[in-house]
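Hi everyone, thanks for coming. Let me put today's model on the screen, and then I'll walk you through it.

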Amino acid sequence: MRDKQDVQPLRLVEKEVVDDLIPISYREDKLQHYGFLTKDVEETLEDLGIWDSALVQKGPDGTKRVAYEELIPLLVDEVQTLKRQVRILQTLMSDFLGG
């Protein structure tokens, strides 16, 4: 079992990563794929001052790739934030409409 060190909630700057990513579609091996350009992800991280992220990883052959599993916690945080905002808006609308 691996021990995780320095465990803490996402920092505000880390939450901004998802906001700046540009989803793309592309064809490879005759199949339609969806993802992000590794170069764009690297630039987004650098622009935010994040230098030690596992979101971009280098393979044994030296090529870089996006580690999509690293995006999951960022996306979950975004969904949770949106759900909280929706609940607040629903409450405000209900109060406004007298319900």
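**A walk through the model**

Let's begin with Asp 6, which is exposed, with a relative accessible area of 66%; here buried means under 20% relative accessible area, exposed over 50%, and partly exposed in between, using a 1.4 Å probe and protein chains only. You'll find Asp 6 in the segment before helix 1, which covers 12–15. Its phi is near 55 degrees, a positive value in a residue other than glycine. Most residues other than glycine have a negative phi.

A quick word on ground rules. This is a predicted model, where local features need pLDDT of at least 70 and side-chain atom pairs count only at pLDDT 80 or more, while totals for chains, interfaces and linings use all residues. Residues are numbered from 1 along each chain as its sequence is written, and side-chain values use heavy atoms, with hydrogens and water left out.

Now, the overall architecture. The protein chain has four helices and four strands, arranged along the sequence as α-α-β-β-α-β-β-α. Those are DSSP runs numbered from the N terminus: H or I with at least four residues for helices, E with at least two for strands.

How does the radius of gyration of the protein chain sit against a compact globule of 99 residues? The chain has 18 Å, whereas such a globule would be near 13 Å. That radius is taken over C-alpha atoms, and the globule rule is 2.2 Å times the number of residues to the power 0.38. The C-alpha trace spans about 65 × 40 × 30 Å along its principal axes. Of the 99 residues, 18% count as buried.

On contacts, meaning heavy atoms within 4.5 Å: among those in the chain with a separation of 6 or more, 43% come from residues 24 or more positions apart. As for charge, there are 13 positive and 20 negative side chains, and the centres of the two sets lie 5 Å apart. Lys and Arg count as positive, Asp and Glu as negative, with His and the chain ends not counted; each charge is placed at NZ of Lys, CZ of Arg, CG of Asp or CD of Glu.

Lys 30 is in the loop between strand 1 (24–28) and strand 2 (31–35). Here too phi is positive in a residue other than glycine, near 65 degrees for Lys 30, and at 76% relative accessibility Lys 30 counts as exposed.

Please look at Tyr 34 in strand 2. Tyr 34 and Ile 24 are 10 residues apart in sequence and 5.7 Å apart in space, C-alpha to C-alpha. Leaving aside neighbours within four places in sequence, Tyr 34 is in contact with Ile 24, Ser 25, Tyr 26 and Tyr 68. Even with those contacts, Tyr 34 counts as exposed, at 63% relative accessibility.

Moving along, Trp 51 is in the loop between helix 3 (38–47) and strand 3 (56–58). Is Trp 51 buried or exposed? It is exposed, with a relative accessible area of 66%. A polar atom of the Trp 51 side chain lies 3.4 Å from the backbone oxygen of Gly 49.

Finally, over to helix 4, residues 72–97, where we find Asp 77. Not counting residues up to four places away in sequence, Asp 77 touches Leu 10 and Lys 15.

That's my tour, and I'm happy to take questions.

Note on methods
A polar contact is a pair of N or O atoms within 3.5 Å; within protein, one must be able to donate a hydrogen and the other to accept it, and residues adjacent in sequence count only if both atoms are side-chain atoms.
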